[in-house]
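Hi everyone, thanks for making the time. Have a look at the model on the screen, and I'll walk you through a few spots in it.

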Amino acid sequence: MRLQHRHFIIGITGGIAAYKTCELVRRLQDEGATVQVVMTEAGTRFVSALTFQALSGRPVYTDAWSSPAASGPANGMPHIDLTREADAILVAPASADFIAQTASGQTPTLLSTLCLARDIPLLIAPAMNRQMWQQPATQRNIEHLKKDGIDILGPGSGAQACGEIGDGRMREPEELLADLIARFGPDAGIPAARTAPVIRGVLQDLSVVITAGPTFEPIDPVRGITNRSSGKMGFAIAEAAALAGAQVTLIAGPVHLPTPLGVHRHDVTTAQEMHDAVMRCLDAQPADIFIGVAAVADWRPDKTRSGKMKKSEGQGLDEISWVENPDILASVARRSPAPLCVGFAAESGSISGLELLLPEKRVRKQVPLLVGNIGADTFGEDSNQIMLCDAHGTTLLPKASKFDLACQLISHIASQQQSHS
Ligand code: CTP
């Protein structure tokens, strides 16, 4: 389910490749996406609107006047409304005629009007006879579209419906599916259009400090202890909190992740450094919310050896004395005034085990909200399953992308924050 919560408008213009789009519509839904089909009149000559309605489970829009507007979007203006909830428009097949209209901003059909009235990405998969494709006019139009930031997918090359061989075939459904997964799948880091607006503004002007990733405790210049945390969950939460309108400071252990938009980031290595960075940050400006997502090493070697420990010289791990690291979450919770503190617990075992363990750990950690997951299953993955534990009990959230879970968590934190303040 690599496209869960994504919503695409699939535009179909006149071309025999429209039959391949049937398969694409089906495959997109297998990956968890929802699809709204919009066809031009020429498109319906190749495959009927009824076929796409049956495949997508939604009425198909063909033109602005006779479309199912009455039962559709609220203000009955499909050329505006349809793109509001969508992540992108993909036109496949895109005829030479449609490409020419779009390149020059003409809007003779509902589909071309949608493309002009959009503020979401437009992807175009050309499909035409090889000579039509090679014509300077078509090539000019394609260059124009590329300059306008429109993503041109393909075309492919090979045998064509007209019996000729060359460039101009529409990319295969599985190739187009891969294109969409690359751009909108869990690795793309783009918020889902329908999830993100729900949290927009729920933490407006609040200040949030988040720890994320592992820590690394050096033993000698070449060794150290760390853990398998990738930082993805913490970074997703930072991104969601920023989207919710908060001022976000992210204290990150050693990870290889880009900084989410609008987030202030401090990189640290050890647990002590993470602790000190959090305290400095809270001293400078008290936070409303603290979310400890980092997998902090509980212990560190008492000192870092300046030279490499040599087995050949009889040195071994038994000569390392371990010192307990400061508990960052506990230190923050002890502050006065304390921010609303949210802890994480990455445990091994089963979901039912987690349900038993979390309430006890939440009380021990003295935090209003503790988020549990089965860490060994999800380290480094793009999706996760988490359980929220607060004073009212536990709630298991269904498996979803880390960003979607982050949005749900932020929404939950926002409602707790209202009663906390
Ligand atoms: N935490 C922290 N500083 C530490 C250790 C943990 O801030 N030195 C935070 C983590 O970021 C997380 C929460 O505490 O939010 C729980 O971490 P966990 O390792 O599960 O807690 P422990 O108290 O170490 O529990 P356990 O007995 O399971 O090791």
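Let me start with a definition: I call a residue buried if its relative accessible area is under 20%, exposed if over 50%, and partly exposed in between, using a 1.4 Å probe and protein chains only. Helices (H or I, at least four residues) and strands (E, at least two) are DSSP runs, numbered from the N terminus. With that in hand, the buried residues of α5 are A96, F98, I99, Q101, T102 and A103.

Some housekeeping. This is a predicted model, where local features need pLDDT of at least 70, side-chain atom pairs count only at pLDDT 80 or more, and totals for chains, interfaces and linings use all residues. Residues are numbered from 1 along each chain as its sequence is written, and side-chain values use heavy atoms, leaving out hydrogens and water.

Back to the helix. Because six of the eight residues of α5 (residues 96-103) are buried, the helix is largely enclosed by the rest of the structure. What do its buried residues pack against? They meet β3 (88-94), α6 (110-116), β4 (122-126), α7 (130-134) and α8 (136-147), where contact means heavy atoms within 4.5 Å. Just after α5, G105 takes a positive phi of about 75°.

Now the overall layout. An automatic or database assignment sets the domain bounds, giving domain 1 (7-184) and domain 2 (207-305 + 320-420). Taken over C-alpha atoms, the domain centres are 42 Å apart.

Next, a helix pair. The axes of α11 (232-243) and α16 (residues 402-420) come within 8 Å and cross at roughly 55°. That makes α11 oblique to α16, since angles under 35 degrees count as roughly parallel, over 145 as roughly antiparallel, 65 to 115 as roughly perpendicular and the rest as oblique. Axes here are lines fitted to C-alpha atoms over the stretch in contact, with angles from 0 to 180 degrees between N-to-C directions. Among the residues making the contact are M233, A236 and I237 of α11 and F403, L405 and A406 of α16.

Setting aside residues up to four places away in sequence, S229 touches G213, P214, A295 and F379.

Finally, C162 sits in the loop between β6 (156-159) and β7 (165-169), and is partly exposed at 47%. The C-alpha atoms of C162 and L397 are separated by 52 Å, with the two residues 235 apart along the chain.
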